[in-house]
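Q: Can you walk me through this one? I'll ask as I go.

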Amino acid sequence: MKWAEHRENNIPIKYPNELRVLSIDGGGIKGIIPIIYLKRIEKQLGASIHNFFDMICGTSTGGIIALGLAAGISATEISEIYKKKVGEIPPQKLFRNNVFSSKYSNKSLLKLLKSTYADKKIADANTMLCIPAIEHHKAKPKVYKNAPSQRISL
């Protein structure tokens, strides 16, 4: 993010002259590690993680965690989802049709995401979001974001 643009556009930040960004790595089930860490931080602070960051970023499972935190779902709730649903996500495909198809089926993941996030939208998040992903059918990267101004560059 270009800090000068951020300041010129008067994007609200939580702390003066600081842009606080939380970045959460991916790694499948290893996502349980950052979420347990964030759960402990939330417990110590007595408030949701999104209250302390201006932007939350995440890749792969880190993106799913970022979306939940920015939607106001507590780290405790997200860790419980991980613990209960880990065996369902992602079931491995035995064969792929081609090089550009995904290694995993996303059906159970989509079902879980729809039940967890219901009608929540990225635009309604409590923080700015940046979720880099791959559009497998196009074999291109895509960045999902909700920057308050489209003039802000990430």
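Q: Glu18 first. Why does it count as partly exposed?
A: Glu18 counts as partly exposed because its relative accessibility is 33%. Buried means under 20% relative accessible area, exposed over 50%, and partly exposed in between, with a 1.4 Å probe and protein chains only.

Q: What does the side chain of Glu18 meet in a salt bridge?
A: Arg20, at 2.8 Å, N to O. A salt bridge here is a side-chain nitrogen of Lys or Arg within 4 Å of a carboxyl oxygen of Asp or Glu. Arg20 is partly exposed as well, at 30% relative accessible area.

Q: Before I go on, what kind of model is it?
A: This is a predicted model in which local features need pLDDT of at least 70, side-chain atom pairs count only at pLDDT 80 or more, and totals for chains, interfaces and linings use all residues. Residues are numbered from 1 along each chain as its sequence is written, and side-chain values use heavy atoms, with hydrogens and water left out.

Q: OK. How many salt bridges does the structure hold?
A: Two. Besides the Glu18 and Arg20 pair, Lys83 bridges to Glu80, with the closest N and O atoms 3.6 Å apart.

Q: Where do Lys83 and Glu80 lie?
A: Both are in helix α4, three residues apart, about one turn of the helix. An α-helix has 3.6 residues a turn, so residues three or four places apart point the same way. Lys83 is partly exposed at 46%, and Glu80 is partly exposed at 31%.

Q: Zoom out. What pattern does the chain follow?
A: Along the sequence it reads α-β-α-β-α-α-α-β-β. That makes five helices and four strands. The elements are DSSP runs numbered from the N terminus: helices are H or I with at least four residues, strands E with at least two.

Q: How much of the chain is buried?
A: Buried residues are 31% of the 154 in the chain.

Q: Now the core. Which residues of the largest nonpolar core touch the most other members?
A: Leu22, Ile24, Ile56 and Leu69, out of 20 residues in that core. A nonpolar core is a set of buried Ala, Val, Leu, Ile, Met, Phe, Trp, Tyr and Cys residues joined through side-chain atoms within 4.5 Å.

Q: Which elements give two or more residues to this core?
A: β1 (21-24), α2 (32-45), α3 (61-70), α4 (75-85) and β3 (128-135). α3 gives the most, with four residues.

Q: Stay on Leu22. What is it in contact with?
A: Leaving aside neighbours within four places in sequence, Leu22 contacts Leu38, Ile49, Phe53, Met55, Ile56, Cys57 and Leu69.

Q: Which residues make up the covered and uncovered faces of β1?
A: Leu22 and Ile24 form the covered face, Val21 and Ser23 the uncovered one.

Q: In what sense do β1 and β2 pair?
A: Parallel, over four bridges, with β2 spanning residues 55-58. Strands count as paired if DSSP finds at least two bridges between them. Val21 stands opposite Met55 in β2.

Q: Back to α3. Why is it called largely enclosed?
A: Because eight of its ten residues are buried. Among them are Thr61, Gly62, Ile65 and Leu69.

Q: What covers the buried residues of α3?
A: The cover includes β1, α2, β2, α4, α5 and β3. After α3 comes Gly72, with a positive phi near 90°.

Q: Then α5. Which of its residues are buried?
A: Ser108, Leu112 and Tyr117, in a helix that runs over residues 107-117. Seen down the axis of α5, they fall within an arc of 140°, so they line one face of the helix. The arc is that of the directions from the helix axis to the C-beta atoms.

Q: Which exposed residues does the face turned away carry?
A: Lys107, Lys111 and Lys114. On the buried side of α5, the cover includes α3 and α4.

Q: What follows α5?
A: Ala118, whose phi is positive, near 45°.

Key. Contact means heavy atoms within 4.5 Å.
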